[in-house]
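This briefing concerns the side chains of one protein structure and the ways in which they meet. Please keep the sequence and the three-dimensional view at hand while reading.

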Amino acid sequence: EAALVADLSSAMSDDQLKTVGRWYETPLANKVSRAEIQASSPQAWQKIQQGASDLQARFKGSERAALFTRFDRAARATESAVDTTVAVQLGLATAISAFQGDSGPGFDKLKQMIESQREQMRAVVAQQVYDAYLYTYQDLSTDELKDYIGFLETDAGATFTRVATASIQDSITRPVEAVGRQLVRFLGPS
């Protein structure tokens, strides 16, 4: 949390921070935040997976479905999830290559294999993000969803999203990378 606050403070202007602060004081931001927090629980993910086909059928061809592309681009949801997945896999590849030493494919080969799967990963993740989007925001009206996306598309909203996403991604990948580096230190060639 402290790293996120520090990242936001250093990357955003005072005006941008005030704009974001004002947004988060609105009833709509409160509603969005509650929906996002509720949808981020492990129990919710099970509900998302179980109800995905029903939600897809319910919203097929709707304006809400059409808004997904704007939402995904503005929230960087698919892109950041794919980047995080790749970064975690690369961190694990560091550990694997340390364990295998000269007998394994080596980090560069593992990295190439992981990166070659990026587009396939993106397709799977994009579907998961779409399902989560339909579930998370199902109680928002289309106008509320448009307003939320509109905020995400503003300079302040876009900067906030970019910085917050990068900071959160870093907090996820940093420990994995640290473990990988430690394993290389302990198991790598002397």
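Does Arg118 count as buried or exposed? Arg118 counts as buried, with a relative accessibility of 18%; the term buried means under 20% relative accessible area, exposed means over 50%, and partly exposed lies in between (1.4 Å probe, protein chains only). The model is predicted, and local features need pLDDT of at least 70, side-chain atom pairs count only at pLDDT 80 or more, and totals for chains, interfaces and linings use all residues. Residues are numbered from 1 along each chain as its sequence is written, and side-chain values use heavy atoms, with hydrogens and water left out.

**Nonpolar core**

- The largest nonpolar core contains 44 residues; such a core is a set of buried Ala, Val, Leu, Ile, Met, Phe, Trp, Tyr and Cys residues joined through side-chain atoms within 4.5 Å.
- Helix H8 (residues 118-136) supplies the largest share of this core, namely eight residues; helices are DSSP runs (H or I, at least four residues), numbered from the N terminus.
- The residues with the most contacts inside the core are Phe71, Tyr133, Tyr137, Leu145, Tyr148 and Leu152.
- Leaving aside residues up to four places away in sequence, Tyr137 touches Val32, Glu36, Arg64, Phe71, Leu145 and Tyr148, where contact means heavy atoms within 4.5 Å.

**Salt bridges**

- Eight salt bridges are found in a search of the whole structure; each is a side-chain nitrogen of Lys or Arg within 4 Å of a carboxyl oxygen of Asp or Glu.
- Lys31 and Glu144 form a salt bridge in which the closest N and O atoms are 3.0 Å apart.
- This pair links distant parts of the chain, since Lys31 lies in helix H3 (residues 27-39) and Glu144 in helix H9 (residues 142-153), 113 residues apart.
- Lys31 is partly exposed, with a relative accessible area of 25%, and Glu144 is partly exposed at 23% relative accessibility.
- Asp83 forms a salt bridge with Arg118, with 2.9 Å between the closest N and O atoms.
- That pair also links distant parts of the chain: Asp83 belongs to helix H6 (residues 77-100) and Arg118 to helix H8, 35 residues apart.
- Asp83 meets Arg76 in a salt bridge as well (3.9 Å, N to O); Asp83 is partly exposed at 22%, and Arg76 is partly exposed at 28%.
- Salt bridges link Arg76, Asp83, Glu115 and Arg118 in a network.

**Aromatic pairs**

- The count of aromatic pairs comes to 14; rings of Phe, Tyr and Trp (its six-membered ring) pair if their centres lie within 6.5 Å, and planes under 30 degrees apart count as stacked, over 60 as edge-to-face and the rest as tilted.
- Tyr24 and Phe160 form a tilted pair, 5.7 Å centre to centre, with 55 degrees between the planes.
- Tyr24 is partly exposed at 34% relative accessibility, whereas Phe160 is buried at 18%.
- The ring centres of Phe68 and Phe71 are 6.5 Å apart and their planes stand at 40 degrees, so this pair is tilted.
- Phe68 and Phe71 are separated by about one helical turn because they are three residues apart in helix H5 (residues 63-75), and both are buried.
- Ring pairs join Trp23, Tyr24, Phe68, Phe71, Tyr130, Tyr133, Tyr137, Tyr148, Phe151 and Phe160 into a cluster.

Methods
Helices (H or I, at least four residues) and strands (E, at least two) are DSSP runs, numbered from the N terminus.
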